[in-house]
Amino acid sequence: MRRSILSSLRAHLGRLIAACLAIVLGVGFGALAMTAHASASHGVNETIGKANAGVDAAVTADRESILPKQVDAIRKLPQADSVVVDTSAYMQVAWAGKVRPDYLGIAARYDTSRIAGPKAIQGRLPDSTLELALPAKLAEKYQVGLGTKLTISSYDDKRWTVTVVGLLDDSTTVGPSNAVATAQTVKVFEPNGYINSVKVAAKPGVSQDALAAAITPVIGSGLTVYTGEGWIQHEVQGFTNGIDVIGGVFGMFALISLFVACLVIANTFTIVIAQRTREMALLRCVGASRRQVFSSVIAEASIVGLVASTIGVVFGIALSALGLALAREFDWGIPPVQLHLDLASIFLPLLLGTIATILAAVVPARRATRVAPLAALRPEAAPVAASKAGVVRLVFGFLLLAGGGSLLAVCASTNEVLVGVGGGVISFLGVLAIGSLLVPALVRLLGALPARSGGVPARIAVGNAVRNPKRTAATTSALLIGVTLISLTCVGIASVRKTFDATMDEAYPVDLMVKAYQEKMPASAEQQLRDIKGITEVVPVRTVEVKAGEQQLTVTGIDQTKAPAVVHNPDLVGQLKPGVALLDRATMTTLDLKDGADVTLVAGQSKLTLKAYRGNGLESFTVTQTDLRRLSPNAGISGFWLTTDPKADGPEVIDAVEQSIPSVKDMSVEGGLAERSAYTKVFDVLLAVAVGLLGVSVLIALVGVGNTLSLSVLERTRENALLRAMGLTRRQLRGMLAIESLLMALVAAGLGIALGLIYGWTGTAALMGAQTSGAVEYAVPGRLLITIAVVAAVAGLLASVLPARRAAKVAPAGALATE
Amino acid sequence: MSIQTGELPLGRLTQDGLPRTAIRAHELRKVYGQGDTAVAALDGVSVDFGVGRFTAIMGPSGSGKSTLMHCLAGLDTPTDGQVLLGETGLTRLPDADLTRIRRDRIGFVFQSFNLLPMLTAKDNILLPLELGGRKPDQQWMSTLVDVLGLGDRLTHRPSELSGGQQQRVAVARALVGRPEVVFADEPTGNLDSRSGAEVLGFLRRSVREFGQTVVMVTHDPLAAAYADRVVMLADGKLAGELLEPTPETVLDALRQLGA
């Protein structure tokens, strides 16, 4: 039997290559995810371990600063050798070329004889007052070199000039890191600076546990004591939680692509076994038992699964090594990490891939055992299986669809997210189960047009596509899963985003508000702002100081006709008219006003009574310019409200606005743009990551489409030869296969997009219903969905290229050859 | 009747003055394999097929009769020699031109697997015309359907037709485009004798009544007797021919070949 398995594998290797490719992709993706995760975790461990080398115990404060006397108590312990204090000052620093100062954390330098600390990669660490060492990346950003003098100011406007004496190694840190100055300097900058943590190195011979045990009684309550190892673990945890979540998401996507690969494999084995009916029957004729036939197929699957999974693992690890190397080479904003291999990330994908392949082959293998020995004797065992969809399966599918669908609908209205996901999965399984009915029907529907206008080849293509409903359904299923998930993600993220936008417009109706406090805006200010790329509207506002009873107030006035251009909340715009003031919550409370109450303002000789209403997100006291002029006819322009292009890069626009109007020293920039661009970025990244990851499963599915086509082409050799003899040109034959492939791809894409819309909307309803005060908004990301359809169509066409080439090679004389 | 060898008799002239031969092979050679393993399936065959005549090609297995037909029909390219369909030389044409010629100027009836399973009988009949974007001649089509007795079978798929009906559909398909030559390759090989006789009868009628040119490959003397002329092949060479054959004369000739 073994010889027969091996020789049949050799003989049919070509037909199994696509299945192998599917396994390689699925397993490779899994190995990539696991290796990247292992490397990242390991890298974090290493980095944090290095940063905390020498720490035998650490003390942190939960809320407040650690008191100096507590530090002294620790210092007095006989077990403590070196005690270092983590304290820092948060200062403003004026960079050359920047109009307004920026914030910078400055940490105090400490004794690094025992405990690891910041290292200078250029120059030295500061050792006298008014010296500073800057993180290398920051220094590079602002083009600061050794010896540069910087002006540092505190929140209460004290100023110092410091000299940069060194650049710090920050190659392994993410995000902004602190500068370093001597402890005395930090004390000067920030006399009441918090002590965030204390790190202690033990005397030789004192264990970490003993040291921690000695510290605990002398510091009193309110502080947490860690052993050195415990501290590192605690720090690592903070990072790896995030990494684990990402790893989990990756793992989920890897499982999805493995599942899709399973469908492709199962389909391939089904077809290959159908084509080998006579071979199986011959084996049975010469005395092979059913069990032997079954185990020969399973053995074949095991070998294929093992070999392909091994290739997949190697491929995945190579890819992650490449990715990490590239990330180290180019600064991608992620910490540089070395490749780290553990047993799990090698053997788990290998095992899963092999098992998945074997499982996928079970059903086809059982089918193989049902081949009657007599089939070998029939002259032409047509592999075109009489495939009527099983009634049981259809009924089951419809039940799943109805049950899952109603569960989903209920959960969407009651905001039960997890149960809703369950309902979605169940109904989707229902769709897959009725696929052998649904998909051919859709193919016929979609194929009606080309069949009518495209002539015989198109009509034959449509006929071929529905000839074997189960096979067509299985092939499209694989693609359907990927497309559904991608569309779902696109629709869901677009809808969540739209819902967010609506809530954002309520909370922050103005994108950016530029405001000068003491100084006047120069005449050129408006034009300066308009010149900034990404700013679409600039509306000036004026302020006047008034008294309302005993309270001193700043009233801001905006031209009523121009307000709609910069205020994104139509309700507020509608409310704002002469005689009305819009107040924020704090001002309402201070003035003790109820909605609609009268408020009287006094500015010098002028006096004005307005009706006060709540208006979120504008200035504290906003009125129309008409009313403002009544209070102070000559009020100057004190600021601008801006609208930005939604497509512009938010942080860049904010940066540009902050750097504009250099003549005004004291200027603030506020508004919803910062928040909006932050979550926009999060959504964009989420979308890109999800689509990228799901793309792998689509790729696998397309391999499946190509595979089904080429196996079908093998079956139809005689038909195609006959057509060629009848006068079908090679081009027409290739076109015929392209149409068949295109039909399957488009049906999968169309159905997937429709399902994606339904799932995306119900998912958003379930997820956001409880989160948002307003209504849940449903978005149709048209451009994205069309892109998905186009990509699926193009990919479908590509998938037909190789099978079509093979089909076109068939010599027309082949039709005459009698077997 | 006697077996003639050497010089071929002239084809008969048609009333409307078309060339006397519908298709002509000149010094055809077809070699499979190379060097020591080379086998000549055709070894210098020159033969003409007259317009409006029913010619049978006969010979034992391996005599090269199928190869000859494939080369004549543009399904296979000879190693050497020429094939002329009317005025057109087929041997040097690229695949696309050959395909067009098969589609527009040649009809086929094969032994088995003549029809595409997913098309109805009618679609199968019209397949070559539609592939070429030609409109069928409705009157001719209905004549064929009547003569072949397919009237109530047009909407059926091949799997719903008997073997004889399938073969009659194939004959209708071969004839519907009024091709210059119809090639039939063992058209009765898979049929019972009654259905076989029907199909052969139709082929002969198409020659007698409609002036069709038919070239048929067969190894069955009964089938060959329907033809006007039988060309004998042996070992890739012409081995003689019979005019106005009967089953007995064909059998005799075959026996002599074997001797």
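**Labels and their cut-offs**

Mentor: In chain A, 83% of the contacts with a separation of 6 or more are between residues 24 or more positions apart. Two residues are in contact if their C-beta atoms, placed from the backbone, lie within 7 Å. This is a predicted model, where local features need pLDDT of at least 70 and side-chain atom pairs count only at pLDDT 80 or more, while totals for chains, interfaces and linings use all residues. Residues are numbered from 1 along each chain as its sequence is written, and chains are lettered from A and ligands numbered from 1 in the order in which they are written.

Trainee: What makes chain A more spread out than a compact globule?
Mentor: The radius of gyration is taken over C-alpha atoms, and the globule rule is 2.2 Å times the number of residues to the power 0.38. For 819 residues the rule gives 28 Å, and chain A has 35 Å, well over that, so chain A is more spread out than a compact globule. Along the principal axes, its C-alpha atoms fill a box of roughly 110 × 80 × 45 Å. Chain A has 25 helices and 19 strands; these are DSSP runs (helices H or I, at least four residues; strands E, at least two), numbered from the N terminus.

Trainee: How do you know whether chain B agrees with the rule for a compact globule?
Mentor: A compact globule of 259 residues would have a radius of gyration near 18 Å, and chain B has 18 Å, so the two agree. The C-alpha trace of chain B spans about 50 × 40 × 40 Å along its principal axes. Chain B has 8 helices and 10 strands.

Trainee: What makes α21(A) and α24(A) oblique?
Mentor: Axes are lines fitted to C-alpha atoms, for helices over the stretch in contact, and angles run from 0 to 180 degrees between N-to-C directions. Angles under 35 degrees count as roughly parallel, over 145 as roughly antiparallel, 65 to 115 as roughly perpendicular and the rest as oblique. The axes of α21 (residues 673-715) and α24 (residues 782-799) of chain A cross at roughly 40° and come within 9 Å. The two helices are therefore oblique to each other. On the α21(A) side the contact is made by A:Leu702, A:Val705, A:Gly706 and A:Leu709, and on the α24(A) side by A:Ala795, A:Gly796 and A:Ala799.

Trainee: How many residues of this contact are nonpolar, polar or charged?
Mentor: Ala, Val, Leu, Ile, Met, Phe, Trp, Tyr, Cys and Pro count as nonpolar, Asp, Glu, Lys and Arg as charged, and the others, Gly among them, as polar. The contact of α21(A) with α24(A) has 5 nonpolar, 2 polar and no charged residues.
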